[in-house]
Amino acid sequence: MATGLGVSDVLKARKNYNEGLASTGRRERATWFPLVLLALLVLLPALQITGGHNYTLHLMLYAMMYAAMASSWNILGGYTGYISLGHNVFFCIGGYFSGMLLAYFGVTSLLTAPLAGLAAAVVGFAVGLITLKMRGPTFIISSIALLMVARILFDHWQFVGGSNGVTLPQMDIPAQWAKLPYYYSMMVVCALTVWASYRIKHSKFGLGLRAISQDEVKAESAGIDTRFYKVLAFAISAFFVGMAGAIWGEYITYLRPNIFLIILVAANMVLMCILGGKGTVAGPIVGAVVLIAFNELSVTFFGASEINLLITGLVMVLALKFFPAGIVGTLARKRRLPRVLDWD
Amino acid sequence: MLSSMLQVLILGLALGGVYALMASGLTLIFGVMRIVNLAHPIMIIAGAFVAYWLFRLYGVDPILAMPIAASVLFVIGVALYKLVFEKEAASAKYSEMTVLLTFAVALCADGLLGALFSNTQRVTTPAYATDAFIFGTVFIPKGQAYAGAISLLVIGALLAFLNFTRFGTAIRATTQNRAAAQLMGVNVGRVSLITFGIGIALAGAAGALVSFIFSFFPAKHWEWIAILMSLVVLGGMGKLVGAILGAFLLSVIAAFVGTYFGSTWSTMTFFLALFVILLVKPEGLLGDRQEEA
C-alpha cells in the first residue's frame, strides 16, 4: 500500500487507543470510595464497645443483605433484562439448606453459606433451563408460579417443619457482641456480590448479557450462546441470594416459609433495582439504602405491615412512571452523577 | 365409582364457570392492550369486598350485589387506566413496563385492602351458600351451581356484546391488529380505556360470586395470579374463548386431582400446568404463534 500501513498496524493502533481510553477511565474512577465505605462498615461495630447500638448494626446488616440481593437480582433483571418476581425462592432455599445443616448437624451457617449458595445456584440452573425458554411477560408469570410452587412445597414438607418452620440453635455469645459474626459474614457476602456484579458487567459474559437485554435475536445471530448465557446468569444471581438467605436464616434463629416466601421480599429486590437504577453496579446499593431508610421511617410512623406494602407499591408506581432509569441511571444520563457513585 | 367420578366432574364444571369469568377480563385486557394484568386477582378480591360489605351492612344478596360490584370496579378500572397506563403506550419497553406497573398496583391494592379490612378470612353467607341440589347419588352445592350459571350468563352477554355491537367489533378489531384498526378509524385510545374498565368490571363481577364460594382475604390474590395465568395461557393469551375452554379444562382436572390426591395438590395443578403449557405449547390451545413483544 502507498501509505505503508498493514492491517496489523491499524489493529495495533486501535488497540492502543482503546487501552488508552480504558486507562483514563480507570484513573478517573473513584475506586477509593467503595473501599472507604467498606472500611467504615468494618469499623462500625466498634460502637458496641460502649454498647446500645445493636439496632444500628441490625439495620446495617439488613441493608447489606438487601444490597447483596438486589445486586444479585440485577445480574439477571438489570443486565439480562429478565424480570424475576420470584427470586426469593433462592433466598428460601439458601436459608433452609444451611438451616437444616445447622439443625441436624450443628454446623453454623456462616461456614455452610457458600454451599447453600451453590444449592440455590443448582436449583436456579435447573429452573432456568425450563423457564428461560420464555421471554418477556411469560417469564415474569412463570417466576410468580415458581414462587407459588415453592410456597406450597415448603408449607407441606414436614422434614423442614412445614408451615410452622423450625427454630435454630443460637450461638453462645453475649448479647453485646451477638450480631457481629452475622454482621461481618453479611458484609463479606455483600462485598463479594457487588464485586462479582462489577466484574460481570465488565466481562465478555456481561457484554453478552447486555446484548441479550437489547435484542435477543440479534445477540443470538451475533454468535452468543444466549441460552447458556441466560441460564448461567440466572444461576449466578441465585447463588448470592442463596448465600444471603443462609446467613439471614441463622441470624433470625428460625426458618418459616412466610418469612422467606412472601412476595414483599421479591418486590423489594425489584424495587431497589428500579429505584437505584437497573443495570448499573451502584444502583441496587443506592436503591437498597434509600428503600430501607424509607421503610424504616414508614414503619415508625405507620406501623402495620399492610401500610408498608401499600407504600412499597406506591413508591414503585411513582418510580416506574417518573424515574424509570432510577437514581443512578437518571443522574448518569444528565451527566450529573457524582464520581463516587460511578461504578460502571 | 362412576357416580363419584360424575360428582367430581360436576363440581369441576361448576367452578370452571367462575374461573372462566375470572379469566375473561384478564384475557380481554391482554388482547386489546397487551397488558399482562397482575393486578387482576386483587380486583376480584376488591369486588368480593364490595359484595361482602353490602351483604353484612344491608343484607344485599351477593348475586344482586354483582352489578354494583362491577360498576364500582369499572370506575376504578377507568381511573387506573387514566392515571397509570394511558401514557405508557409510547414506552419503549412497553410489555415489561406495564407488567411491573400492574405488579406495583397489585401491591398497593393488597396493602390498602389489608390495612382497611385486615387479612382475616371472610365469606358471605347467603342461605344458598350452604345448601345443595341433590339428584340421587350426586349433589351440586347451590352456591357453586348459581355462581357457575351466572358466570356463563355474564360471559354469554360479553360474547354477544363483542360480536353483535359496533363497539364490540371495534374491540375485536383492536385485538386483531391495533395499527390497522386505527387506520380504519377506530378510536384505539377510547377502546383501550373502555376495555380496561370492562375487564376490571368483570373482575368485580367475578368477585361478588367468589365471595360466597371461597373464603377470601386480600393477600390471597398472589395465589390466584398464577391460577388465572395458567387458564389464560392454556387458552392462548388474549383469546376469550380459549380462556373459557382453559378454565373448564383445568378446573375439572384440578377437581379430580383434589379428590384423589388432596386439596393441596389441586392448587398445584394450575401452577404445574402453567409450566407445562409454557414449555410444550407456549401459544396455547387457540393462540396463534406470535412474535414476542
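## Fold of chain B

Read from the N terminus, the elements of chain B follow the order α-α-α-α-β-β-α-α-α-α-α-α-α. That amounts to 11 helices and 2 strands. The model is a predicted one.

Chain B has a radius of gyration of 19 Å, close to the 19 Å given by the globule rule for 293 residues, so chain B is as compact as a globular protein of that length. The C-alpha trace of chain B spans about 60 × 45 × 35 Å along its principal axes. Of its 293 residues, 53% count as buried. Among contacts in chain B with a separation of 6 or more, 76% come from residues 24 or more positions apart.

## Contact between the chains

Chain A brings 31 residues to the contact and chain B brings 34 residues. On the side of chain A that touches chain B, α6 (136-156), α12 (263-276) and α14 (305-322) each supply at least two residues. The largest share, 12 residues, comes from α6(A). By type, this side of chain A divides into 22 nonpolar, 6 polar and 3 charged residues.

## A helix pair in chain A

Helix α3 (residues 54-80) and helix α13 (residues 283-302) of chain A have axes that come within 8 Å and cross at roughly 135°. The two helices are therefore oblique to each other, and α3(A) passes α13(A) in a right-handed crossing.

Residues of α3(A) in this contact include Leu59(A), Tyr62(A), Tyr66(A) and Asn74(A). From α13(A), those taking part include Pro284(A), Ile285(A), Ile292(A) and Glu296(A). The residues of the contact of α3(A) with α13(A) comprise 11 nonpolar, 3 polar and 1 charged.

Notes: Residues numbered from 1 in each chain as written. Chains lettered and ligands numbered in written order. Predicted model: local features only at pLDDT ≥ 70, side-chain atom pairs only at ≥ 80, totals over all residues. Axes fitted to C-alpha atoms, helices over the stretch in contact; angles between N-to-C directions. Helix = DSSP H or I, 4+ residues; strand = E, 2+ residues; numbered from the N terminus. Parallel < 35°, antiparallel > 145°, perpendicular 65-115°, else oblique. Left-handed = near helix turned anticlockwise from the far one by under 90°. Contact = placed C-beta atoms within 7 Å. Nonpolar A, V, L, I, M, F, W, Y, C, P; charged D, E, K, R; others polar. Rg over C-alpha atoms; globule rule 2.2 N^0.38 Å. Buried ≥ 20, exposed ≤ 12 C-beta atoms within 10 Å, placed from the backbone.
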